[in-house]
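Have the coordinates open and try each task before reading its solution.

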Amino acid sequence: MTATEDIEAAPEWSDAASDDDFLDAVSERMTDEEKRVKAALELAKSVYVPCGRDQGAKKLLSRFVAMMLAKKAGRRDDGRVLFVTGESGAGKTALVERMLAENATLAPIQRSYGLIKPVVTHTLMGPSTLKFLGLNILKEAGYKITRKLEQGEVWDILPEQLHLRKKLLIHIDETQHLLKLTESDKERDSIRKAIKGVMNYKPWPVSFLMSGMPGINALAGLDEQVERRSRHLHLPDVTLPEERILILNIVTAMCDAVGLGHRAVTESDLPDRIAHVARYRYGRIAQVVLAGIEQAALRSASTLTRDHFAYAYIDHSQARGFDHMNPFLVDDWERLEPGLFLIEDK
């Protein structure tokens with residue numbers, strides 16, 4: 001019996017304290033300096049800088065929801081699939097979270113018997129089987145699993161349970177993990193049948209939002225019905241110099257939140273270096289800036305500088321002792337490979 005298929009007892013302390021209470025108690029053990037750095041990081045992390053793709057994504061989801069709710073002869077006739085793809089660090093997860101949070105149509109609805117949440121979200125943490133995915137969707141939907149279920153049973157009861165709980169959309173994040181353990185044609189066919197079974201359930205068709213690496217688009221090719229009911233949103237890399245203003249806005253917003261000066265960054269070539277280190281991906285750009293802010297906070301600096309990014313690069317790569325491989329320390333940084341400097345094992 002696995003943890004997914006059985007209800008395990010919670011730790012004793014959870015009855016007396018919430019997660020936040022526990023984290024607060026742990027944080028109280030930090031030194032004053034550690035608390036100061038933590039506070040700065042929390043302020044920087046709270047920042048989200050919108051860009052052109054946000055509006056496009058918002059409009060696409062709006063059209064997608066309208067299509068999935070549109071009735072034919074008084075009944076919703078089928079489910080749909082929206083694929084959101086991008087390379088690692090493109091910012092897919094944050095974008096989808098905002099897309100869903102800002103869509104008023106899919107917001108929770110309060111009823112006399114409780115709160116109804118039309119969206120089920122599950123993130124695959126690693127290579128996953130179809131059975132494991134189905135069990136977790138049931139669990140996230142609120143179904144209490146009290147006995148061992150086989151894969152066929154899981155996907156057989158899923159459509160009805162989603163109907164009972166008025167679920168309209170299933171968001172699967174990191175969908176590529178589902179494909180890693182399903183290389184054979186037979187396994188891919190099982191995925192096709194499972195998805196179609198939920199989408200085509202006549203009493204209550206449910207749609208999917210699948211986010212992950214570009215390879216997940218292969219799911220659309222498994223079946224002609226899924227293919228024609230699909231829509232796609234790909235998050236491309238940031239391009240320079242066209243989108244340099246986006247990097248400037250990220251640096252400015254995060255520094256302003258913390259109270260750091262940023263002219264030494266925004267009025268130099270550092271935004272270009274930041275993008276290079278981040279492989280020109282939106283999510284990673286924000287992470288690189290956050291790493292620089294951490295170094296500034298550690299040193300109680302009032303202004304974010306090139307040195308802070310150099311120190312951050314050393315911490316996050318294997319460039320310690322290899323200054324010629326640090327994009328923030330050399331003039332000819334463009335000759336270096338994008339991303340972090342990592343020494344390959346022989």
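Helices (H or I, at least four residues) and strands (E, at least two) are DSSP runs, numbered from the N terminus. The model is predicted, so local features need pLDDT of at least 70 and side-chain atom pairs pLDDT 80 or more, while totals for chains, interfaces and linings use all residues. Residues are numbered from 1 along each chain as its sequence is written, and side-chain values use heavy atoms, leaving out hydrogens and water.

**Exercise 1.** Locate Ala301 and describe its surroundings.

*Solution.* Next, list contacts (heavy atoms within 4.5 Å): setting aside residues up to four places away in sequence, Ala301 touches Leu260, Ala296 and His308. Finally, consider accessibility, where buried means under 20% relative accessible area, exposed over 50% and partly exposed in between (1.4 Å probe, protein chains only). At 26%, Ala301 is partly exposed.

**Exercise 2.** Find the salt-bridge partner of Arg244 and say which helices the pair ties together.

*Solution.* A salt bridge needs a side-chain nitrogen of Lys or Arg within 4 Å of a carboxyl oxygen of Asp or Glu. Arg244 pairs with Asp272, with the closest N and O atoms 3.0 Å apart. Arg244 lies in helix 10 (residues 244–258) and Asp272 in helix 12 (residues 270–277), so the bridge links parts 28 residues apart in sequence. Asp272 is buried, at 16% relative accessible area.
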